[in-house]
Amino acid sequence: MKKPSLIPYYRSFFRNNTKDFILGMIATVAESACAVGVAWLIQQLLDACTGNPNALPFHQLLVISAGLLLVYLGSIQLDRFTTSRCIPKAMAQYKSFLFSRISRKSIAAFRQENTATYLSAVANDTQSIQMGVGDLFNGANSLLTLICAVCLMVWYSPIMTLAALALAVLFFILSLPFSKKLVEAEKELSDCNEGLTARFKDFLTGFPVVKSFQAEKEMGTLFSEDVGKSANADKKRRMANLMFYFTIDGGIAVARICILLVGAYLAITGRGVSAGMVIAFAELLNHVMAPMQQLPLCIADLRAANALIRKAADNLEKNIRDEGKDVPPVLETGLELRNLSFAYEPGKPVLQGISHTFESGKRYALVGASGCGKSTLLQLLMGGSTYDGEILCDGQELQGISSRSLYALASLISQNVFLFNATILENVTMFRDFPQEETEQALRLSGLSQLISQKGTDFLCGENGCNLSGGEKQRISIARCLLRKSSLLLVDEATSSLDAKTAAQVSQALLDLAGVTEIVVTHSLDAQLLRQYDEVIAIKAGSLIETGTFDELMAKKGYFYSLYTVTQ
């Protein structure tokens, strides 16, 4: 399978960030040239002190020193200023890009994946990637400094330059295996942190279950094991880093001594090398060996960042269904199910061989015992999973419709409500702007009027609505869908958390909506409400058993009749 391109991911770092990046590179060039210029200035000043006739006059050296200092300080300041703007902006844009790619996922695709992967990608991996982005500047600075230093060294003494480069290359090669280990260790640490994040997320999400079953000790043991794995991976990374620096630092020490000895020999034997050149050469050697120290680390950081970006891309670019066809957000003729079957596990069907037509503008009630497949059917209609058979939406196969179009066409009011840590109004409008009249109508029809009068629309719901009751959360969920005015409304036990009076009011409000196709899953078999549905559909063990109006099914005295009688 072809791997997804990383170009869009790298482009996200530089979008609207090119100016600062270019200025930073200009500052890097100037800083590198000035750093090498200092070594040349040291040579000139020392030769002038020793009376070397080839040295420049002192007054000229004084002017050059002042100019070099100003340029050097200016380039450093520009470098710090641009990188302090460029890197945070690059990372902010990258995180936003990751969010946008996650948002492309369909509901079906997202349910199949581990959300901890994305939490780790945004929270943990971006720290390492930021180091890689910073090393674009550090690496460029090191490389340019190395080139300028080598050019000046060749001008001074080709023999000493060859000796210096031979030593530098030797220790650079010796450091490469540790650079590779650094990349591997960084990837292993990322995977371990992902597992740790997943475990902690499960603990927080399932906290009431853990407490009620007194499983704190067992969860603590599992968490400690994951912490231990992360600690071991971090230890490996630190050891690889330690060995890398040991090789480089040792190389620098050996190279400095060797070059000073070679330079001293050439100066003593009159090979055209002055004392100033030897000292300058020692200074230049720092600008050769320091980059040799920095470049492998920069390369390691860049490779590690690339590996983490590749990991994010591989996860984000799979299970994308944006290639589907766009359709109008209005259901014209209706939905048709043809031999629809579905199973969560092979050989264990939840739905089997269902064929039925839902005409546009009509209202349908799905009834049946708990676990018979009613909610699963609604999930499939929302593109929740792949299936066998066909679901035709105005004659178009549902799996061939783009996710964007499907979600514009249909709304699902689920029995499991999620609320954001935002105000009541923001949770109803989903952070969008709607006309005030439409918003007030949705609040009224969903039964939120009393809550609003008591707490106001600016009341903070808390994490997943912890500041509200189950019934209040359900009303907000209903108001969301009413405000959207979707052409197809799927309702899955929307009134299960409401008191009988409010439930009846909300159910009636949904039935009174005009121009909407409604498919409603209900356990509440209220004759007055069921008589208002165009058709009641009875499902048993994943199969469609009976269809008809309420009175027709009661007259048949079949499965629905038995189901209704038991609940009365």
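Guide: Begin with the rule: a salt bridge is a side-chain nitrogen of Lys or Arg within 4 Å of a carboxyl oxygen of Asp or Glu. Keep in mind that this is a predicted model.

Visitor: How many salt bridges does the rule give?

Guide: The count is 17 salt bridges. One of them joins the side chains of Asp314 and Lys3, at 3.6 Å from N to O. This pair links distant parts of the chain, 311 residues apart: Asp314 is in helix α10 (residues 275-316), and Lys3 is in the segment before α1 (7-14).

Visitor: Is Lys3 buried or exposed?

Guide: Exposed means over 50% relative accessible area. Lys3 has 53%, so it is exposed. Asp314, at 25%, is partly exposed.

Visitor: Which residues form one network with Lys3?

Guide: Salt bridges with shared partners join Lys3, Arg310 and Asp314 into one network.

Visitor: What about the salt bridge between Arg80 and Asp79; how far apart are the closest N and O atoms?

Guide: They are 3.0 Å apart. Buried means under 20% relative accessible area. Asp79 has 7%, so it is buried, whereas Arg80 is partly exposed at 45%.

Visitor: Where do Glu438 and Lys485 lie?

Guide: Glu438 is in helix α14 (residues 436-445), and Lys485 is in the loop between α16 (470-484) and β7 (488-492). These distant parts of the chain, 47 residues apart, are linked by the pair. The side chains of Glu438 and Lys485 meet in a salt bridge of 3.6 Å, N to O. Glu438 is partly exposed at 26% relative accessible area, and Lys485 is exposed at 53%.

Conventions: Residues numbered from 1 in each chain as written. Predicted model: local features only at pLDDT ≥ 70, side-chain atom pairs only at ≥ 80, totals over all residues. Heavy atoms only, no water. Helix = DSSP H or I, 4+ residues; strand = E, 2+ residues; numbered from the N terminus. Buried < 20%, exposed > 50% of the residue type's maximum accessible area, 1.4 Å probe, protein only.
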